[in-house]
Amino acid sequence: MTEKIIFALESVYREPLEIKAFCFGDTSKKTICIMGAMRGNEVQQMYVCARLVQELKILEINGHIAKNTGIMVIPCANYHSMNIGKRFWAMDNTDINRMFPGYNLGETTQRIADGIFTEIQGFEYGIQLASFYQPGRFLTHVKQMVTEFTTDDGLAYFGLPYALKRSPKPYDTTTLNYNWQLWNTKAYSLFTHSTDDMKEDSAENALNVIMRFMKKREIINYPIHAGYVTSIINESDMLQIHSPCGGICRIKTKIGDVVERGQIIAEILNPLTCEIFAEIEVPEKATVFFHFESPLIVEGTVIFKLVKNNDF
Amino acid sequence: MIKTVSQINLAVNEKLKIQKNSIKNGTSKKRICIVTGTHGDELEGQYICYVLGKYLKENISRLNGTIDVYPALNPLGIDSIMRGIPGYDLDMNRTFPGIESGTMPEMIAYEILEDMKGADICIDIHASNIFLREIPQIRMSIPTSEVLLPYAKMLNVDFVWVHASATVLESTLAHSLNSTGTKTLVVEMGVGMRITKEYCKQLVDGIINLLVNLEMLTDVEVGEIREPVVSLDGAVGFVNSPAAGIFVPDTEFGSIVSEGDIIGRIVNPLTGEIVENAVASCSGLLFTLREYPVVYGGSLIARILRQEDKKND
Ligand SMILES: [Zn+2]
């Protein structure tokens with residue numbers, strides 16, 4: 001393993017932000033790059049990468065990394081925000097993951113994005129550990145942005161029950177995933193159950209998923225469970241349920257549950273009297289893929305994403 | 001008349017309402033929208049809406065048509081000094097055209113856009129941010145410039161910046177309106193969290209001039225209207241901070257600088273030393289200047305509208 005600082009930024013009163021990368025295998029080869037936290041609340045994403053570093057160290061010592069392959073892991077690109085409990089760049093509230101491909105003469109987060117991208121472009125595969133903008137729980141899944149440059153259909157190699165394809169919106173064009181693809185990297189975003197809190201089991205699962213992908217792509221040779229047969233779904237085909245009102249949100253199911261048509265899976269309560277404002281009913285048999293998780297909910301918020309169980 | 005354009009239930013006992021004042025007189029079907037407060041930390045537009053509303057009330061008999069004034073597209077942001085939409089960490093000006101039955105920001109964006117669509121002209125007023133001060137200017141993309149430029153020249157601004165279009169900007173209010181054929185001009189002026197009265201009055205004069213030109217106001221006095229400098233991207237020089245520290249300006253905002261002039265110093269209060277000087281990258285008009293002193297390497301210090309160096313002539 002070699003450790004290097006891929007980008008450093010001075011601050012007037014804080015120690016410089018030093019973005020560290022951990023490299024394994026043949027460091028002259030750009031085979032796969034795994035990017036962890038770019039936002040200050042992505043603790044889980046950082047932790048998954050840290051565990052990966054720990055595992056790859058052992059694999060490398062035991063000769064399990066394939067010849068002529070190079071692996072780079074960047075656990076955390078934004079600990080300056082993490083250390084002070086902010087999600088975005090603390091001074092101007094900008095999001096590094098909305099600044100790619102970056103600009104070396106631009107604003108601070110454009111420079112950070114440029115510093116990162118200069119190092120991580122040109123890899124054959126790129127996996128970003130991503131997070132959703134709202135509090136909630138997801139089934140662990142991998143997502144690929146389908147652009148005119150998408151050349152690869154490696155989604156099934158992660159061995160997860162579900163993989164999503166997404167058509168990019170204008171605001172997606174400045175993300176790492178989109179720009180990786182623009183520069184010919186086969187890019188994937190991996191979403192685990194949660195973001196701010198660390199969950200060991202979910203992290204272990206994510207770690208296995210990444211290791212499995214590397215095994216199937218012959219980057220590492222190490223016995224690992226083959227995983228699931230993946231259902232690949234277009235994001236737009238999922239059932240998305242919005243909260244019909246605001247109030248206290250009481251979820252009555254959990255992710256992965258198969259729910260029946262007509263089943264009540266959440267209640268929205270009057271926060272001052274506990275009277276039921278609304279019940280969320282399942283429109284058709286489906287699997288719970290995402291549910292909102294916070295005591296209070298605003299009207300219109302995505303409360304569930306369900307995968308239709310067409311096959312049954 | 002005050003109308004509610006969009007409303008949504010928040011979690012506890014409160015509705016979020018987006019409101020407009022629809023000021024109407026006469027028989028003309030012409031309609032102008034004045035819109036601001038998309039970014040909760042930009043307040044220059046607040047004073048403009050007030051001054052314009054007061055003026056129109058006093059001159060209502062001279063008005064022929066409708067002026068819709070939307071002072072706060074992001075009321076929660078204005079109320080809580082947040083640029084984005086509180087609770088969503090989302091720039092509202094990246095949510096257009098919105099979705100009819102989407103999330104709170106998407107639904108609001110959709111309803112606002114539907115309400116504004118079809119107006120003859122929309123003026124979307126922004127106030128830079130808390131970091132930078134700007135002279136009154138209008139920004140437009142190259143493809144829209146042919147249609148918009150004649151109106152921009154009526155608005156009494158100092159400068160029109162015609163910039164290249166970027167995909168990410170397709171989610172702005174102005175792009176969404178312009179692409180549906182509703183002519184929309186974006187004004188940037190002043191600084192975040194403050195009101196610069198003279199700039200506000202300058203733009204109000206421009207809006208009155210526009211209304212006179214569109215024959216929506218008659219029998220009113222219009223002062224002298226400035227001829228703006230119209231410029232493409234290439235004519236704008238950037239000065240970014242060469243180091244982290246505290247920026248102290250040494251040049252008047254709005255002045256003419258020569259290439260190599262020291263615009264300000266980046267100092268270190270701990271050591272009492274100058275870390276670096278921030279130097280003009282070209283000669284011209286200093287139309288953007290940093291207001292907020294704390295900088296990182298890369299923080300924008302100034303923008304200069306390139307001009308022939310007249311100082312040495
Ligand atoms: Zn703005």
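A crossing is called left-handed if the near helix is turned anticlockwise from the far one by less than a right angle, and right-handed if clockwise. By that rule, H1(B) passes H6(B) in a right-handed crossing.

Before going further, a word on the model: it is predicted, with local features needing pLDDT of at least 70 and side-chain atom pairs counting only at pLDDT 80 or more, while totals for chains, interfaces and linings use all residues. Residues are numbered from 1 along each chain as its sequence is written, chains are lettered from A and ligands numbered from 1 in the order written, and side-chain values use heavy atoms, without hydrogens and water.

**Helix pairs**

Two packed helices are described by the angle between their axes and the distance between the axes. Here axes are lines fitted to C-alpha atoms, for helices over the stretch in contact, and angles run from 0 to 180 degrees between N-to-C directions. Helices (H or I, at least four residues) and strands (E, at least two) are DSSP runs, numbered from the N terminus.

| Helix pair | Angle | Axis distance |
|---|---|---|
| H1(B) (residues 44-58) and H6(B) (residues 197-213) | roughly 45 degrees | within 9 Å |
| H1(A) (residues 43-61) and H5(A) (residues 200-216) | about 50 degrees | 9 Å |

Angles under 35 degrees count as roughly parallel, over 145 as roughly antiparallel, 65 to 115 as roughly perpendicular and the rest as oblique. H1(B) and H6(B) are therefore oblique to each other, and H1(A) is oblique to H5(A). H1(A) also passes H5(A) in a right-handed crossing.

In chain B, the residues in contact (heavy atoms within 4.5 Å) include Tyr47(B) and Ile48(B) of H1(B), and Val204(B) and Ile207(B) of H6(B).

**Where the chains meet**

How many residues of chain A are in contact with chain B? There are 35, facing 33 residues of chain B. Together the chains bury about 2,800 Å², 62% of it on carbon and sulfur atoms; buried area is the accessible area (1.4 Å probe) that two parts lose on being put together, summed over both. In chain A, Val12(A), Met91(A) and Glu299(A) lose the most area to chain B, together 22% of what that side buries.

**Charged pairs**

A salt bridge is a side-chain nitrogen of Lys or Arg within 4 Å of a carboxyl oxygen of Asp or Glu. Glu3(A) forms a salt bridge with Lys20(A), with the closest N and O atoms 3.5 Å apart. Because Glu3(A) lies in strand E1 (residues 2-9) of chain A and Lys20(A) in strand E2 (residues 17-25) of chain A, the pair ties together parts 17 residues apart in sequence.
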